[in-house]
Protein chains: 2
Amino acid sequence: MRDAYHEELDGLADKLVEMTRLVRSAMARATTALLDADLRLAEEVISADEQINKIETEIEETVFDLMARQQPVAGDLRTLVSTLRTSGDLERMGDLAVHLAKTARRRHPEGAIPPELQSTVLEMGQIAERMVAKAGNVIATQDVALGLELDADDDTMDRLHRKLFDVLLSPKWKHGVEPAVDISLAGRYFERFADHAVHVAENVVYLVTGRHPEEINN
Amino acid sequence: MRDAYHEELDGLADKLVEMTRLVRSAMARATTALLDADLRLAEEVISADEQINKIETEIEETVFDLMARQQPVAGDLRTLVSTLRTSGDLERMGDLAVHLAKTARRRHPEGAIPPELQSTVLEMGQIAERMVAKAGNVIATQDVALGLELDADDDTMDRLHRKLFDVLLSPKWKHGVEPAVDISLAGRYFERFADHAVHVAENVVYLVTGRHPEEINN
């Protein structure tokens, strides 16, 4: 009985890793859709989000089912609660990729990102993608050192986010209000995506070490 | 033992209600700070957020302590998980009020909201405030009918959010890029605040009825 139970816990971790894979793919496509004004890629991101939501629901059902059928000990309860939080973060990251894709779709056939911001947005997308890939790796391996790396990635994201605003708000900006609004919101989506990836890693670090990353990094 | 335990559960609900009160106050001040370019109010919101975060941490510690010391039955576990989720939503709502206050502070002594958008932003702030007040009431009373009202409030918020963008993106907009960027982000903060208020109410409705609000409203 106890063994089947721990197999179910492992199954939950596999599902979380699967979510990170789907979210990573959504972020890669959404970034390319934004940069290339690619409507097909944008639509793919939007329709693929259902699968991410479906896994979140399955995880939630399994967690509550395990809580009801078993009497999990405190440590396992913490793992179950952490699993719910992580799936919530990943579901939200999927939504943020959808928001980016919808921005690309709304501006199509025009591009949402003018030439002087293409490299910054590309870099934000790449870091976002890398962060969720690392988060998946942290879930799978419980590698605390890798989990702590996410903080530095998040600092890079924040720096790029500020750079985006510097360009939007400079006197040289000549694309007017609508692209500026779209890009400032897109910047916000990338930044929140990174925050959620940090949360995912933090949750694992906390489960493994019993300490929050800021206590370890300092 | 069992009685002390249920007293602790009641204490958690009281703390959530206290959080809604603090978040409501933060939203009221942040909206006024935005509309009046009031730096003092903005600073109050920013410094008061610490108290909201502190209560969230206390709630989390109590929940994990209860999970460790007691062997909660499935129904109580669901309540405990729901409490964690709700405190997470409320903590995030406090952050969103802080983002609004920081927008007011950054633009001070100028106002962030031009005359033609003052009434829309006022209405968004009022609905946000009402939604978190109702959410507090729903937590305190477990009133399912009131909980279901939040969906209609959220629709109103979405309508106002669209109106905001219509004004920003109209050819008549003459305030340039920076205010447009600030206001589009502020609109996003109000909208997310409302989404979190809906989640809080949904969580209570689900705990009481075992059903999600959309299953009841349809």
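1. Helices here are DSSP runs of H or I with at least four residues, numbered from the N terminus. With that convention in place, in this predicted model the glycine B:G210, which comes just after α6(B), takes a positive phi of about 75°.

2. Turning to the contact between the chains, 19 residues come from chain B and 19 residues from chain A. On the side of chain B that touches chain A, at least two residues are supplied by each of α2 (39-69), α3 (74-107) and α6 (177-209), and α6(B) gives the most, with 7 residues. Sorted by class, that side of chain B has 14 nonpolar, 2 polar and 3 charged residues.

3. As for the relation between the two copies, chain B is superposed on chain A by a rotation of 180° with 0.0 Å of shift along its axis, at an RMSD of 0.0 Å. The two copies are thus related as by a two-fold rotation axis. The same surface serves both copies, in that 100% of the contact residues of chain B recur in chain A.

4. The largest nonpolar core holds 125 residues, and the members that touch the most others are A:A97, A:A197, B:A97 and B:A197. Which residues does B:A197 contact, leaving aside its neighbours within four places in sequence? The partners of B:A197 on that basis are B:M93, B:M131, B:V132, B:A135 and B:L150.

Note on methods
Residues numbered from 1 in each chain as written. Chains lettered and ligands numbered in written order. Predicted model: local features only at pLDDT ≥ 70, side-chain atom pairs only at ≥ 80, totals over all residues. Least-squares fit on C-alpha atoms with pLDDT ≥ 70 in both. Contact = placed C-beta atoms within 7 Å. Core = buried A, V, L, I, M, F, W, Y, C linked by C-beta atoms within 7 Å. Buried ≥ 20, exposed ≤ 12 C-beta atoms within 10 Å, placed from the backbone. Nonpolar A, V, L, I, M, F, W, Y, C, P; charged D, E, K, R; others polar.
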